[in-house]
Amino acid sequence: MRLFRRAIPLALVFLTLGSVGASAQGQKIGYIRSSVILDQAPGRAEAEAQFDKETAGYRDQIKRMSDSLDAMVASFQKAQASMTAAARDAKQKDLQAKNAEYQRRSADLQQKAQQRQGELVQPILDKVKAAIEEVRVEGGYAMIFNADQGSPIVAVDKSLNVTDRVLSKLKGTTASAPAAAPRPSSAAPAPSGVTRPTSNP
């Protein structure tokens, strides 16, 4: 789900409880793999399914409008050679108006989808943040940072990984010792988002 997953990197800014640049000498620190946590967070799959269900109508509307506009453009391109200059100008203005309406409607539906996305994602992120804070407090960590792909961390002691402990908090289970290595994130299928198929009117 592109729109759902697109929100995650932005939201992760708020999940980082410490900064690598902060002075951590003599303090206990840990790290998480945020993608692993979010992939396995309770309620995530249900939220994505709900988002897909609710935005299916938006995608259908956009596709119908796009197909209609593309058909009008194709028809105009075939007929324009035999049209008078006045008729050609009028048709071009009509196509421009149709395209402007398509862009406006597409942006409106995109905004609605993103708003609904936030409503579905935020409760999950709040629980993840709370679980991270619980682990930090219980473990006496001065900070817990995100060492996922794209972070500025290039090397880290894997014994500091508390990802499984955070997941255990989220799932209501008892965690064992921190994992020796983070588990790879499994990418969920990403159905097409609310975007126009590539075509040039």
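**Helix packing and strand pairing in a predicted model**

Lys91 is placed in helix α4. Helices (H or I, at least four residues) and strands (E, at least two) are DSSP runs, numbered from the N terminus. The structure is a predicted model, in which local features need pLDDT of at least 70, side-chain atom pairs count only at pLDDT 80 or more, and totals for chains, interfaces and linings use all residues. Residues are numbered from 1 along each chain as its sequence is written, and side-chain values use heavy atoms, with hydrogens and water left out.

With a relative accessibility of 28%, Lys91 counts as partly exposed. The classes are buried (under 20% relative accessible area), exposed (over 50%) and partly exposed (in between), computed with a 1.4 Å probe and protein chains only. Neighbours within four places in sequence aside, Lys91 is in contact with Met72, Phe76 and Met83. Contact means heavy atoms within 4.5 Å. The C-alpha atoms of Lys91 and Phe76 are 7.6 Å apart, across 15 residues of chain.

pLDDT is the predictor's confidence in each residue, from 0 to 100. Its mean over the protein chain is 78, and 72% of the residues reach 70 or more. Residues 1–24 stay under 50, and the model has 60 contacts for them beyond four places in sequence. Residues 174–201 are also below 50, with 64 contacts beyond near neighbours in sequence. Where pLDDT is low, the predicted coordinates should not be read in detail.

The protein chain has five helices and two strands. Their order from the N terminus is α-β-α-α-α-β-α. Of the 201 residues, 33% count as buried. Among contacts with a separation of 6 or more, 83% join residues 24 or more positions apart. The accessible surface is about 11,600 Å², and carbon and sulfur atoms account for 53% of this area. Accessible areas come from the Shrake-Rupley method with a 1.4 Å probe; for residues, only the protein chains shown count as cover.

Helix α3 covers residues 44–79. Its end C-alpha atoms lie 51 Å apart, which agrees with the 52 Å that its 36 residues should span at 1.5 Å a residue. The expected span is 1.5 Å times one less than the number of residues. A kink of about 40 degrees is centred on Thr55. The bend at a residue is the angle between axes fitted to the seven residues ending there and the seven starting there. Thr55 is itself one of the buried residues of α3. Others in that set include Arg44, Glu48, Arg59, Met72 and Phe76.

Helix α4 has 55 residues. From first C-alpha to last it reaches 77 Å, close to the expected 81 Å. A kink of about 30 degrees lies at Val121, shortly before the proline Pro123. Val128 also belongs to α4, which runs over residues 85–139. Val128 counts as buried because its relative accessibility is 1%. The C-alpha atoms of Val128 and Val166 are separated by 7.6 Å, although the two residues are 38 apart along the chain. Just after α4, Gly140 takes a positive phi of about 70 degrees.

Strands β1 (residues 29–32) and β2 pair in the parallel sense over four bridges. Pairing requires that DSSP finds at least two bridges between the strands. Tyr31 is found in β1 and stands opposite Phe145 in β2. Tyr31 is buried, with a relative accessible area of 2%. Its C-alpha atom is 9.8 Å from that of Tyr141, 110 residues away along the chain. In a regular strand the side chains alternate between the two faces of the sheet. In β2 (residues 143–146), both faces are covered. Met143 and Phe145 are buried on one side, and Ile144 and Asn146 are buried on the other.

Helix α5 spans residues 163–171, with Thr163, Val166, Leu167, Ser168 and Leu170 buried. The cover over these buried residues includes β1, α2 (34–40) and α4. At 24% relative accessibility, Asp164 counts as partly exposed. Asp164 and Ile37 are 127 residues apart in sequence, but 8.1 Å apart in space, C-alpha to C-alpha. Gly172 follows α5 and has a positive phi, near 70 degrees.
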